[in-house]
Amino acid sequence: MTATVYLRQPVGATILVPSTAVMAENARPFVWVLDGKHRVHRKMVEVENYREDGVILKSGLTSGEKIVTVGVLALVEGQEIRPVERAQ
């Protein structure tokens, strides 16, 4: 399975991520974060606002972390993926 992973530039003290990256379980939002071994891990986040161009996160991620933005419904904790970097 492949997935696109990237982290958009911060908006002020917040981080803007694609809406496809944010999931929820029991009304608690989370994203899948990619570790150095290309394995995914669920990370809880705090949503500040939903916008047309993405979701503004108030907390939970730090700049430089890679998140999964496509195929998130099929992932399980610790699953290895092949990341595809976003073309600039």
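**Briefing on an all-strand chain**

From the N terminus on, the elements of the chain run β-β-β-β-β-β-β-β-β-β, which amounts to 10 strands and zero helices; helices (H or I, at least four residues) and strands (E, at least two) are DSSP runs, numbered from the N terminus. This is a predicted model, in which local features need pLDDT of at least 70 and side-chain atom pairs count only at pLDDT 80 or more, while totals for chains, interfaces and linings use all residues. Residues are numbered from 1 along each chain as its sequence is written, and side-chain values use heavy atoms, with hydrogens and water left out.

**The chain as a whole**

- Of the 88 residues in the chain, 36% are buried, where buried means under 20% relative accessible area, exposed over 50%, and partly exposed in between (1.4 Å probe, protein chains only).
- Among the contacts in the chain with a separation of 6 or more, 63% are between residues 24 or more positions apart, a contact being heavy atoms within 4.5 Å.
- The accessible surface of the chain comes to about 5400 Å², and 50% of it belongs to carbon and sulfur atoms; the areas come from the Shrake-Rupley method with a 1.4 Å probe, and for residues only the protein chains shown count as cover.

**Hairpins**

- Strands β5 (residues 28–34) and β6 (residues 40–44) run antiparallel and are joined by five bridges, two strands being paired if DSSP finds at least two bridges between them.
- β5 and β6 form a hairpin with five residues between them, and H38 in the turn has a positive phi of about 65°; the bridge partner of W32 in β6 is R42.
- Strand β7 (residues 46–51) pairs with β8 in the antiparallel sense over five bridges, and the hairpin that joins β7 to β8 passes through two residues; the bridge partner of R51 in β8 is G54.

**Nonpolar cores and the aromatic pair**

- The largest nonpolar core has 11 residues in all, namely I15, V17, A21, V22, V31, V33, V45, V55, L57, L61 and I67; such a core is a set of buried Ala, Val, Leu, Ile, Met, Phe, Trp, Tyr and Cys residues joined through side-chain atoms within 4.5 Å.
- At least two residues of this core are supplied by each of β3 (14–17), β5 and β8.
- Another core, of nine residues, lies apart from it, and F30, V40, V68 and V72 are among its members.
- The structure holds one aromatic pair: the ring centres of F30 and W32 are 5.6 Å apart and their planes are at 90°, so the pair is edge-to-face.
- Rings of Phe, Tyr and Trp (its six-membered ring) pair if their centres lie within 6.5 Å, with planes under 30 degrees apart counted as stacked, over 60 as edge-to-face and the rest as tilted.
- F30 counts as buried at 4% relative accessibility, and W32 counts as buried at 3%.

**Two loop residues**

- E65 lies in the loop between β8 (54–59) and β9 (66–67) and, at 18% relative accessibility, counts as buried.
- The side chain of E65 makes a polar contact with the side chain of K43 (2.8 Å), and a polar atom of the E65 side chain lies 2.9 Å from the backbone nitrogen of T62.
- A polar contact is a pair of N or O atoms within 3.5 Å; within protein, one must be able to donate a hydrogen and the other to accept it, and residues adjacent in sequence count only if both atoms are side-chain atoms.
- S19 lies in the loop between β3 and β4 (23–25) and is partly exposed, with a relative accessible area of 46%.
- Leaving aside its neighbours within four places in sequence, S19 is in contact with G54 and V55, while S19 and D53, 34 residues apart in sequence, are 7.7 Å apart in space, C-alpha to C-alpha.
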